[in-house]
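Hello,

Here is the structure I promised to pass on to you. Have a look at it first, and then read my notes below.

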Amino acid sequence: IDKYMLGLLITTGIRISELLALKWEDFDYNLGAIRIMGKGAKERTVYPSAEVLSLFHELSERFNPTSCVFNLNERDARYRIYQALRPYCHGKQLSPHAIRHTIATYWAKNGANVTTIANALGHNRIETTQQYIDLAQSDTRNLMRSQSII
């Protein structure tokens, strides 16, 4: 279960609450998409990697397609995520929300525009998303300044 949760968090940037609310009927394997019910009952579509979607497709064939995908409360899900990431975090705890920030920053660094990122994350305000763009630009600026020509 841990790899499934992490796969979705890392490839889509969804919130932990959205992850835990997923039902099997939210998956559209033909479209390669998942319907997410976000904050304020705002619906959006996310597109996980083909590999992650394939894992869920295989898993769905063994379960009732109308049931919840993850039968966990938020506390237990967070604990499992912390434990799964522990070997890679060098003594720090990486929260599901930190994963969300990381993927949004990654998208920004790789050329996604602020509107696309806002839609993927389910942000109502572009200003909320702008922080990822600013961080990506700052990192790029620092990298360029640190390069020595001679």
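What follows is a short tour, from the whole chain to a helix and then to some charged pairs.

Please keep in mind that this is a predicted model. The chain holds seven helices and three strands, in the order α-α-β-β-β-α-α-α-α-α from the N terminus. Of its 150 residues, 37% are buried. The chain exposes about 9400 Å², with carbon and sulfur atoms supplying 52% of that area.

After α6 comes Gly122, which has a positive phi near 75°.

Now for the charged pairs: the whole structure has six salt bridges. One of them joins Arg80 and Asp2 at 2.7 Å, N to O. Arg80 is partly exposed at 29% relative accessible area, and Asp2 is partly exposed at 25%.

Another pairs Glu18 with Arg44 at 2.8 Å, N to O. Glu18 belongs to helix α2 and Arg44 to strand β3, so the bridge ties together parts 26 residues apart in sequence. Glu18 is buried, at 4%, and Arg44 also counts as buried, at 10%.

Enjoy exploring!

Definitions and conventions. Residues numbered from 1 in each chain as written. Predicted model: local features only at pLDDT ≥ 70, side-chain atom pairs only at ≥ 80, totals over all residues. Heavy atoms only, no water. Helix = DSSP H or I, 4+ residues; strand = E, 2+ residues; numbered from the N terminus. Buried < 20%, exposed > 50% of the residue type's maximum accessible area, 1.4 Å probe, protein only. Areas by Shrake-Rupley, 256 points an atom, 1.4 Å probe, with all protein chains shown as cover. Salt bridge = Lys/Arg side-chain N within 4 Å of Asp/Glu carboxyl O.
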